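Hello,

Here is the structure I promised to pass on. My notes on it follow below.

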Amino acid sequence: MDVIVLGGGLMGAASAYFLARRGARVTLIERKRIGSGATVASFGNIRRSGRYLSQLPLAHRSLRLWGEAEKMLGRDVEFRATGHIRLIFDEGSLADMRAYAEAARPCGLDLEEISPREISARFPGLGPDAIAASFSPRDGSGNPRLIVPAFAEAARKLGADIIEEADVETIKHTSAGFLVATAKGAFAAECLLNTAGAWGARIAAQFGEEVPLSARGPQMGVTEPLPYRILPVIGIWTRDKDYGAYLRQVERGNIVFGGAAERVSVDLDPGHAAADPMRLPAQLRAVARLLPAIARVAVIRTWSGCEGYVRDMLPVMGRSATMPGLFHAFGFSGHGFQLGPGVGDAMAELITTGGCETPLDDFSVDRFSHNNGA
Ligand SMILES: Cc1cc2nc3c(=O)[nH]c(=O)nc-3n(C[C@H](O)[C@H](O)[C@H](O)COP(=O)(O)OP(=O)(O)OC[C@H]3O[C@@H](n4cnc5c(N)ncnc54)[C@H](O)[C@@H]3O)c2cc1C
């Protein structure tokens, strides 16, 4: 079976790898450089806590693969299962966390509730005003710069062709499948997988499939390096988006942070998302509630990335509803980094076997069409 994968972010590179592992002949076409889209901008959170319940089976599948990534890809992609703590500062958010934990338990996610005394004993310096926290011990983080090149290189070793800096000119459907004309030549295959991230809705629209997707850029920042003390990823349960911050410390010592600032709208042409320095003070105030010591640390860089947010905040994954041989995996709505390896594995299973053991129905491309009643 021949498959063209369109878009070389985490979803495309992981799909190329798992497709090649299942024996498919794969051509991955990326119009820029591999991994240079939303993925490289990611905070790197490998978090299941708080995820939509319908996504947990896919998130579990993905977490297992993150755990195998170093062995599977032959490279340390800095996956560290250091745990994920979410601090709680008010009773309403505590009730939200407990309700979520109860609903998520039958779906295979166990969240531990911890008291203020345990927070200060186990995680000194974090959230002195917190009234409780949840802790998910098997979650953690990975390096957004390493994972896509690692998947692409491993796919190449299995025989996949990785074509970079190839602007796509036309996509045609022929009796034999798909013909993709690019600046680097034309490529043909019986199947086409659309992993074009924030640009994925444009590809779908070419086949008459409308997906309500907006391109937006969350804002991130990183501090100077400090002694490595903070192991888990830190977030918050809150109903107030002005406080919805998160942070983690990388092993080299820098503290990466994000959240709390509004995601700005991004023009898909050229798709460059810029961080806004005016948003930094409010963002840092929210981060300081989680880690007061950040007030004494210098921020050395801010950035953003162009991510596709679907109206219901769920991705589009699965078969096209209009075109046999076409598949989609795009619109990961700000939480695709954790899912990436699982998405690649699930899409490869679906394309090569016609079925997928992980439920994908909630992500179908036609859920927004009138005929579907959505
Ligand atoms: C700032 C930021 C922080 C984030 N933090 C987290 C986090 O902590 N945890 C988490 O789980 N998720 C996070 N996310 C979300 C996560 O990074 C994304 O959901 C995920 O990386 C999306 O991967 P992708 O492969 O779908 O898209 P991308 O990485 O954007 O890849 C799509 C690729 O398709 C290419 N492309 C587009 N059109 C075409 C075309 N016509 N032909 C060829 N190539 C094309 C693009 O150039 C791009 O390289 C974050 C996102 C951002 C922006």
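A backbone N or O atom of Leu10 lies 3.1 Å from an oxygen atom of the ligand, a polar contact in the sense of a pair of N or O atoms within 3.5 Å. A polar backbone atom of Gly44 is 3.3 Å from an oxygen atom of the ligand, and one of Gly334 is 3.3 Å from a ligand nitrogen atom. The protein buries 96% of the 1000 Å² that the ligand exposes when taken alone (Shrake-Rupley areas, 1.4 Å probe).

This is a predicted model, in which local features need pLDDT of at least 70 and side-chain atom pairs pLDDT 80 or more, while totals for chains, interfaces and linings use all residues. Residues are numbered from 1 along each chain as its sequence is written, and side-chain values use heavy atoms, without hydrogens and water.

The ligand is surrounded by 34 residues, each with a heavy atom within 4 Å of it. Among the closest are Glu30 and Glu307. The shell divides into 15 nonpolar residues (Ala, Val, Leu, Ile, Met, Phe, Trp, Tyr, Cys and Pro), 15 polar and four charged (Asp, Glu, Lys and Arg), the others, Gly among them, counting as polar.

Some backbone details also came up. Asp269 and Pro270 are joined by a cis peptide bond, with omega about 15°. Glu165, not a glycine, has a positive phi of about 50°; Glu165 is partly exposed, at 46% relative accessible area. Ala260 also has a positive phi, near 65°, but Ala260 is buried, at 18% (buried is under 20%, exposed over 50%, partly exposed in between; 1.4 Å probe, protein chains only).

Regards

Note on methods. Polar contact = N/O pair within 3.5 Å; in protein donor to acceptor, adjacent residues only side chain to side chain.
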